[in-house]
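Subject: Structure handover

Hello,

Here is the structure for your next look. My notes come after it.

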Amino acid sequence: MNNSDIEKELEEMYSQMMSRVCGMTLEKAQELTRMGIKVSKKQALKEGTNNLPENYGDLLLREAVNGNSNSRKIVDRARKEKATDDDIREFWNLNDLQRRMVFWSEDIFRFASFETFKKEGLNSDEAMIKVRKMFPMYGDPNNEKHVSGDDRPLPNELRGRVDEYRKKIGVINIEAKSKQYTTYNAFVRSEIREGNL
């Protein structure tokens, strides 16, 4: 699939999703999505990831085995957090724009939820606590700037498995099971340790 086709597919998918989930008009959702694609492409160009090959996950794993220090660092960090080679391959084999649009859409949904909670009367800290209980937070698991322990960011490579688990057991079951945890991330880590995820 060429880049133009990927962009069209992403615009259609995220416009529909934004319209449905955020309650905005399709036109507004399309405008927002186009902006997200433009910003994502600009970031990719700036960071030099815009030309990563489609099978980058396979290459990354192979290079890690061959001793490439940058590849090994990425793979080892993900594995330390219980990501499998399949998780790593799935995440990194995505087209760079697809990967960036996943990040973008998650930020939009988190921000919309945060704003809704504030409108319901929660202060910023309370709203953020609620967002962290509802959504997995991804990033560098070594980043303990805002949270620590099991609440730390999950590695990006776990996204696919976490999404599949949510589909498999359903949102209602997850809400019931995750209530006892400080964050969704702590719940995910517990489920991984128990062998459920």
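This is a predicted model: local features need pLDDT of at least 70, side-chain atom pairs count only at pLDDT 80 or more; totals for chains, interfaces and linings use all residues.

Residues are numbered from 1 along each chain as its sequence is written, and side-chain values use heavy atoms, with hydrogens and water left out.

**Pocket**

The largest pocket holds about 1300 Å³ of space. A pocket here is an open set of points on a 1 Å grid over the protein atoms alone, where a 1.4 Å probe fits, with protein on both sides within 12 Å along at least five of seven lines. Points are joined across faces, edges and corners, and the volume is the space filled by probe spheres set on them. Lining residues have an atom within 4 Å of a point.

The lining has 42 residues. Nearest the centre are E106, F109, F135, D163 and R166. By class, 19 are nonpolar, seven polar and 16 charged. Nonpolar means Ala, Val, Leu, Ile, Met, Phe, Trp, Tyr, Cys and Pro; charged means Asp, Glu, Lys and Arg; the others, Gly among them, are polar. Helix α6 gives the largest share, eleven residues. Helices that each supply at least two include α1 (3–22), α8 (159–169) and α9 (171–178). Helices are DSSP runs (H or I, at least four residues), numbered from the N terminus.

**Helix α10**

Nine of the ten residues of α10 are buried, so the helix is largely enclosed by the rest of the structure. Buried means under 20% relative accessible area, exposed over 50%, partly exposed in between (1.4 Å probe, protein chains only). The buried residues pack against α7, α8 and α9. One of them, E191, has 5% relative accessibility. Leaving aside neighbours within four places in sequence, E191 is in contact (heavy atoms within 4.5 Å) with Y165, K177, N196 and L197. Just after α10, G195 takes a positive phi of about 80 degrees.

R152 sits in the loop between α7 and α8. Its relative accessible area is 14%, so R152 is buried. Beyond four places in sequence, its contacts include N185 and R189, which are among the buried residues of α10.

S15 is in α1 and is buried at 2%. A polar atom of its side chain lies 2.6 Å from the backbone oxygen of E11. Not counting residues up to four places away, S15 touches L10, L26, A29, Q30 and T33.

**Salt bridges**

There are 19 salt bridges (a side-chain nitrogen of Lys or Arg within 4 Å of a carboxyl oxygen of Asp or Glu). R100 pairs with E47, the closest N and O atoms being 2.8 Å apart. This pair links distant parts of the chain: R100 is in α6, E47 in α2 (residues 26–47), 53 residues apart. R100 is buried at 10%, whereas E47 is exposed at 54%.

R166 and D163 also form a salt bridge, with closest N and O atoms 2.8 Å apart. Both lie in α8, three residues apart, so about one helical turn separates them. R166 is partly exposed at 29%, and D163 is partly exposed at 26%. Elsewhere, shared partners join E47, D96, R99 and R100 into one network of salt bridges.

Best wishes

Terms used: A polar contact is a pair of N or O atoms within 3.5 Å; within protein, one must be able to donate a hydrogen and the other to accept it, and residues adjacent in sequence count only if both atoms are side-chain atoms.
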